[in-house]
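Biologist: Hi, I've just opened this one and I'm new to it. Could you walk me through it?

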Amino acid sequence: MGTNGQAVDAVIFDWAGTVVDFGSRAPAGAFVEVFRRHGVDISVAEARGPMGAEKRTHVAELLAVPAIAARFEKAHGHAPGEADIDAIYKDFIPLQIGVLEDFAALIPGTAETAAWLRGRGVRIAGNTGYNAEMSAVNEKLAAGQGYAPDVCVAASDVPRGRPAPDMALKCALDLGVSSVRRCVKVDDTVPGILEGLNAGMWTVGVTVSGNEVGLSQAEWEALPAAEQDRMRRAATRRLAAAGAHYVIDSVADLPGVIETIERRLAAGDRP
């Protein structure tokens, strides 16, 4: 790792949809189920809407959607309030933890990209909209597959979740980086991209493996090429519109972007 401002110091990866859980299916399914248990049917697409946010905030944002709020009021006889958010979130926690193991497989290319980064002296962090208890499960399961970030930060470890910069900045502090402009945030959600931008970092959006496409690897590979292209373009547009500096299919494609960013740093560019 260089000290001349030309090298990337650290890469901060999201978890679900970025390095584990192809399609970010664990949280989407858990939200659908917990709302069902509270008498409200929501679609997977609706559940994915606030993805990347801290999970209690995610519940609150879903209940703020007029159509979902109307379903809740019909089921319960009153508009959703803070106590309802707390009750749903309380039930969400064990439900989410219970399914993490089923969706813990590393996304192809994760271990290889991490090894490539370490070979260049780049440090690695993980952060997530999950709370610390959920994050710890991911960390343990990923380590067994050869992926172990130097530091991990969960949404419950900081005052504000995404899109605030708190988690990314705590990662940078914990890693002891020289400058946030030499950090790269990799994420599959709009709040995660905004987090990185708000922290003054380079941002890389992930499409095919992430929440925006939302399919398992097998489901993705079964699609006709034209449909893959349509979905990839839609996901790319959304992440680019959020401000992502670069957009890739998956972390397997990250090394080329890191080399490009280092060339830009050497030329004096900033995020």
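Modeller: Helices here are DSSP runs of H or I with at least four residues, strands are runs of E with at least two, and both are numbered from the N terminus. Also, this is a predicted model, where local features need pLDDT of at least 70, side-chain atom pairs count only at pLDDT 80 or more, and totals for chains, interfaces and linings use all residues. Residues are numbered from 1 along each chain as its sequence is written, and side-chain values use heavy atoms, with hydrogens and water left out.

Biologist: OK. What is the phi of Asp21 like?

Modeller: Positive, about 60 degrees, although Asp21 is not a glycine. Asp21 is also buried, with a relative accessible area of 3%. Buried means under 20% relative accessible area, exposed means over 50%, and partly exposed is in between, using a 1.4 Å probe and protein chains only.

Biologist: How many bridges join β1 to β2?

Modeller: Four, and β1 and β2 run parallel. On that side Val11 stands opposite Ile124 in β2. β1 also pairs with β4 in the parallel sense, over four bridges, and there Val11 stands opposite Val184 in β4.

Biologist: Which way do the β1 side chains point, then?

Modeller: Ala10 and Ile12 point one way, Val11 and Phe13 point the other way, and all are buried.

Biologist: What about the β5 to β6 end?

Modeller: Three bridges join β5 to β6, and the two strands run parallel. Gly205 stands opposite Val247 in β6.

Biologist: Now the inside. How many residues are in the largest nonpolar core?

Modeller: It has 26 residues, and those with the most contacts inside it are Val11, Phe13, Tyr147, Val184, Val186 and Leu254. A nonpolar core is a set of buried Ala, Val, Leu, Ile, Met, Phe, Trp, Tyr and Cys residues joined through side-chain atoms within 4.5 Å. At least two residues of this core come from each of β1 (10–13), α6, β4 (183–187), β5 (202–206), β6 (246–248) and α12. The largest share, five residues, is from α12.

Biologist: What does Val184 touch?

Modeller: Leaving out residues up to four places away in sequence, Val184 touches Val8, Ala10, Val11, Ile12, Trp202, Val204, Ile258 and Ile261. Contact means heavy atoms within 4.5 Å. Apart from that core lies another, of 23 residues, including Val34 and Leu100.

Biologist: You mentioned α6 and α12. At what angle do they cross?

Modeller: The axes of α6 (residues 110–119) and α12 (residues 254–266) come within 10 Å and cross at roughly 30 degrees. The two are therefore roughly parallel to each other. Angles under 35 degrees count as roughly parallel, over 145 as roughly antiparallel, 65 to 115 as roughly perpendicular and the rest as oblique.

Biologist: Which residues meet there?

Modeller: From α6 it's Thr113, Trp116 and Leu117, meeting Leu254, Pro255, Ile258 and Glu259 in α12.

Biologist: Last one: where is Pro163?

Modeller: Pro163 is in the loop between β3 (151–154) and α8 (166–175). The peptide bond from Arg162 to Pro163 is cis, with omega near 10 degrees.

Methods: Axes are lines fitted to C-alpha atoms, for helices over the stretch in contact, and angles run from 0 to 180 degrees between N-to-C directions. Two strands pair if DSSP finds at least two bridges between them.
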